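I wanted a quick look through this model, one spot at a time. My notes follow in the order I looked things up.

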Amino acid sequence: MTMSAFVAEELPALLDLLYGAALDGDQWPIFLQGLMKPFDGANGILHFFDIETQTTPLAHPFGLEAEYLIGYQEHFASCNPYPIQSFAKLPFLQVVPATTVLSREEALRTEFYNDWMKPQGISPDHLGCMVHKDIQQMVILAIAPKEKQLERNNDRYIKQFEILAPHIKRAVTLSKVSRVDPIPGGLPAQFSCAAMLISQTRAVKAANPPAESLLREGLFLTVDPLGKLRGRDSDIQSALVAAIDAVFVRRDPFGGPVHCRSFTTGDRVSLIVLKLPMIAMPMALVLVIAQPSNSASRFPEQFTTAEARLADALLNGQSLAEFSEHVGVSINTARKQLAALFAKTGTNRQAALVAWLLQRNS
């Protein structure tokens, strides 16, 4: 599987499962089972670690055969050299190998590796990411592709994991609300971006503090007298309606991105509409993702300055011809830069490239 195939074919279905799990905790195993295909049969576990009690009251393993689960519960848990407490050292929302916690040399000497990990083909270099942390809880996802697969596809697995990690963070945050109220009356302040729950009629049912501030300012989004979400101008309104229809009418997992620019500050943002399978009524989550003005700092280091400038233009809705005219380069030069971006992101279509860039910057 290529990165472009992952973004175009696997990611939409995974996000659908993920945000379903956010509102119904029983669906976490379904989402995690879905991770096996894009990670070529990987297994793993999602840990919810309670900081006060230093215990893991909730964990969702996936892809593990029953005999290994039983063996872990009966014996190998007691000799696991990867104590969940040690994962507190992991950098937040960064995908890293397990050797960050326990070196490969140390792991290879343990009973746990030789009698439990190795028979399942699990590498000491398997991948982990802290996807949530507050004063009460850490949530860590470990994904362990088969060792030979990991050796061949490590870079692709890391990129896929990096794309998913911010969404898993949001889903965990949203799940804290949904456990209390299956149809939230408000959204958690922990969302770093503006977030709104809307109905099929575009009525705003809930908004977190950043979204409330954004709507009060009315820089590119407003709420009309009937309580419906609207774009500040006709172009934004048309694109917003199309993104919402993609979710509610065409039943796509997500709609957008819708690119906006503040009339007063010039700040650029992208809107994404995500389908949420609610219990009582269809709902969608609208996320407003800021696009920093310094484009080079938010793209991979291997992007040249010119490539980062093109990536920034594509994220903000410019065509290749518009970019060429705006920056004063030939269309052939712009095409060469686009080809370089395809090669560096594992994509082969402009739409897939934009989706990859948007997920990385969300």
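**Notes on a helix residue, a strand residue, a pocket and a sheet**

I began with Glu 307, which touches Gln 302, Gln 337, Ala 340, Leu 341 and Lys 344, leaving aside residues up to four places away in sequence; contact here means heavy atoms within 4.5 Å. Before going on: this is a predicted model, where local features need pLDDT of at least 70 and side-chain atom pairs count only at pLDDT 80 or more, while totals for chains, interfaces and linings use all residues. Residues are numbered from 1 along each chain as its sequence is written, and side-chain values use heavy atoms, with hydrogens and water left out.

I placed Glu 307 in helix H9, residues 305-315. (Helices are DSSP runs of H or I with at least four residues, strands are runs of E with at least two, and both are numbered from the N terminus.) Is Glu 307 buried or exposed? It counts as buried because its relative accessibility is 8%; buried means under 20% relative accessible area, exposed over 50%, and partly exposed in between, with a 1.4 Å probe and protein chains only. I also found a polar contact of 2.7 Å between the side chains of Glu 307 and Lys 344. (That is a pair of N or O atoms within 3.5 Å; within protein, one must be able to donate a hydrogen and the other to accept it, and residues adjacent in sequence count only if both atoms are side-chain atoms.)

Next I checked Ala 284, in strand S12 (residues 283-291). Ala 284 is buried, at 0% relative accessible area.

I see an open sheet of 5 strands in the order S2-S1-S5-S4-S3, with antiparallel pairing. (Two strands pair if DSSP finds at least two bridges between them.) The edge strands are S2 and S3 (96-97), each pairing on one side only. S1 and S2 pair in the antiparallel sense over 6 bridges, and His 47 has Ala 59 in S2 as its bridge partner.

Last, the lining of the largest pocket, which I sorted by class: 18 nonpolar, 7 polar and no charged residues. (Ala, Val, Leu, Ile, Met, Phe, Trp, Tyr, Cys and Pro count as nonpolar, Asp, Glu, Lys and Arg as charged, and the others, Gly among them, as polar.) Which strand gives the most to this lining? S1 does, with 4 residues.

Note on methods: Nonpolar A, V, L, I, M, F, W, Y, C, P; charged D, E, K, R; others polar.
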